[in-house]
Every structure is written in C-alpha cells, then in structure tokens.
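Visitor: I have a model open and would like to learn how to read its features. Please take them one by one.

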Amino acid sequence: MSDPDIKKGLAGVVVDTTAISKVNPETNSLLYRGYPVQELAATQPFEAVAYLLWHGELPDQGQLDALRAAERSHRALADNVKAAIDLVPVSAHPMDEVRTAVSLIGASDANGAGSVLDASGSREENLERSVRLFAALPAIVAYGQRRRRGQEIVAPRDDLDYSANFLWMTFGEEPDPVVVDAFNRSMILYAEHSFNASTFTARVITSTLSDLYSAVVGAIGALKGPLHGGANEAVLHIFDEIGSADRVTGWLDEALAEKRKIMGFGHRVYKNGDSRVPTMKAALDTLVAHYDRPEVAELYDALEREFVSRKGIHPNLDYPSGPAYNLIGFDTLTFTPLFVASRVTGWTAHVMEQAAANALIRPLSAYVGVDERHVPSAG
C-alpha cells in the first residue's frame, strides 16, 4: 500500500463549492459575488457590501435603507456585554474581549437556540443574527480601545453611517470625510476571502449543526493568530522597529540573516501580488496627505522596494492597512479586532452557505505513531 499524499495545511485541496467570493486568476482580482472588490471599495458603503455578501446582489435603495435601520437599532453596547468586557484584564489581548463579547451576545440572544437540537437556526434567524453582530462589533472594538486608554464609552449616533459611526465611537469626534472613506475601503477589502483559516473554521463548526455565534467565536480564535489576522499588527511592529526609511537596508540585512519571517508580504492565494493592495495603498496615500506624514510613505516604499527586489515577494493587504490604521489613530492592538468587525460579514455569509447544503467536515489523517501494543499483565 502506497503512502498517502499528505497536503499539509490543506494546501491545494478543494473541499467544497462557494458562490460568495473567488480570486480570478485571469485578472488577479478578488471578486465578491462576481464584483471586483476594488470597484466595490471605490463606489459602495460597507453596509451595501455586507448585504451583497449575505444576499448575493447589491441592495436597491429600499433594501439598503432597511439594513441601515436594522443595523442602527443594534449599535449600542448592551450593559451585560460592557460588564463582560470589563471583566477581561486590560493586559489581555483585545481579541479576548471580542471573543467574550460575541459569546455573551449569542448566549443572550432571545432568538437563539433553546437546545442543541435546534442550534443551527433558519436562514432568516441567521440573517438577523448576522446583522446583530455586524452592528454590535464596532461598539465592542471601540470600547475596548477606549477602556485601555482610560476613557469613557462613547454612545453611537443614528445620523452617521456605519464607518463614520465606528470612528465616532472610537475617538469621540466626528471624523473627516477623507478618513471615513479610507476606513470604509479598508473594511470592504477585509470583508471576505473565500476559505481562509478563520472562515474554514466557521464552516467546520457550522457543519456540526452548531449555532452561528459559536462559529463566529471559533473564527475569532483562528483570526487571532499572527499567521492570519494578527499579521496587520506585526506590520506596525516592523515599522516601529525600523523607524525610518534610511534604516531599511540595514534592518532587512539583519532580519534576513536571522531568517525572520517578514509579515505583510506574500500570500498563499496570490502569486503575482495581492489584488487588494493597490486600493488600500491609495487609501493610505490619502491619509498620509491628510495628516501630513510623508515619512510614513517613505518608510513604506523603501521597505517594499528592498524586499521585493531581494525576495520577489509582494505585499499583501496587511502591509498598507497597518500604517493606515495607525494614522487614523487606532492602537496597534486594535488592528485585528477591526479585521473581525469587517470579516464577520464574510464569516456569516459562509455560515449560511454551509448550512444550506451541509455535510459534516471530518477529514482523515495518516497515523504515524507506534504500532498496536498491549498493556503488560500484572506480575
């Protein structure tokens, strides 16, 4: 019998079909329900993209208005969720706050599962749950940053759209339209990316007929890792470590000699560069100009130029998003929770797609342990 063909990390393994997103190899473009993500980021509010991921089509004005009304009705941070966040040590990673808050929201959901047998819910119930999480996460993330800074919570505003309100709750001041636009684009770019590690985690949990909240909590755990969502934090740490453009060459010499992994570069799916990067880099450029911080762009360009010339590996989305979030004013520890607030739309779309044509996900493994043996008899 021949040895099994092991695909470590499931590399190259196609496990199911999806109609939610794909990378088009002909154009090297990420498509959401067929639309190039760069076109969506340039023209749509994040609420419309959330609707697209959940329903398959962009909303008309009436549908968008209805989603916005539902989202705004769930924006405020519930007292019990705030209390749960306050129990998380400030020294913990904010992803622990997010995971805890989402778990409590699920446990408190009046339409949640009453028993294990009815946990998965109908599509209509899961749409309602998806909207609720979409609406609640900005308050969770914003409060997490504010409490680590010793600041009071900021209540949401009904007169602001999703992205502007997110920034309002985080910083307590009405944001400039340039900043809102850059932030909105980043949220759209991070919203969905096929069967990535956290999305696949959500689908595995859903395949057991568990509930949507459990699937999202599991996805949050997967996203916390530095090889997935935590990469955008690592990019900012690299920028802080280098300091300025004139130090890039020496820093990279040392980093490569030590065989360090340079976060923000390379992607398993993209072989000719991440198609989302030009859109996010353009947003970063607007922020550099808005805040008059040319040294950020100089460091960004110098490291990209050096690394690509030496290794032939191009940046991924985390590379421009890290400095963009930093310019806006987000703490580095908040970057991955921002990813959650965006990707929850893709996760929940996949939860509903998995549930609609479910099969328990249970791969096989090749055993390499000791052969069968028996416990010695006494005496």
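Guide: Start with burial: buried means under 20% relative accessible area, exposed over 50%, and partly exposed in between, with a 1.4 Å probe and protein chains only. K259 is exposed, at a relative accessible area of 75%. The model is predicted, so to speak of a local feature pLDDT must be at least 70, side-chain atom pairs count only at pLDDT 80 or more, and totals for chains, interfaces and linings use all residues. Residues are numbered from 1 along each chain as its sequence is written, and side-chain values use heavy atoms, with hydrogens and water left out.

Visitor: Where is K259 placed?

Guide: Helices (H or I, at least four residues) and strands (E, at least two) are DSSP runs numbered from the N terminus. K259 sits in the loop between α12 (248–257) and α13 (277–291).

Visitor: What should I look for in the backbone angles?

Guide: Most residues other than glycine have a negative phi. K259 is not a glycine, yet has a positive phi of about 60°. L209, also not a glycine, has a positive phi of about 70°. L209 belongs to the loop between α9 (197–207) and α10 (212–223), and counts as partly exposed at 49% relative accessibility.

Visitor: Is helix α2 largely enclosed or open?

Guide: As a general idea, an α-helix has 3.6 residues a turn, so residues three or four places apart point the same way. In α2 (residues 46–55), nine of the 10 residues are buried, so the helix is largely enclosed by the rest of the structure. The buried ones are F46, E47, A48, V49, A50, Y51, L52, L53 and W54.

Visitor: What does P45 touch?

Guide: Contact means heavy atoms within 4.5 Å. Not counting residues up to four places away in sequence, P45 touches L64, R68, N184 and I188. P45 lies in the loop between α1 (37–43) and α2 and counts as buried at 19% relative accessibility. P45 and D161 are 116 residues apart in sequence but 8.3 Å apart in space, C-alpha to C-alpha.

Visitor: How do I read a buried charge such as E192?

Guide: Check for a salt bridge, a side-chain nitrogen of Lys or Arg within 4 Å of a carboxyl oxygen of Asp or Glu. For charge, Lys and Arg count as positive and Asp and Glu as negative, while His and the chain ends are not counted. E192 is buried and has no salt bridge; R343, the nearest side chain of opposite charge, is 5.2 Å away.

Visitor: How many helices and strands does the protein chain have?

Guide: The protein chain has 16 helices and three strands. Of its 379 residues, 49% count as buried.
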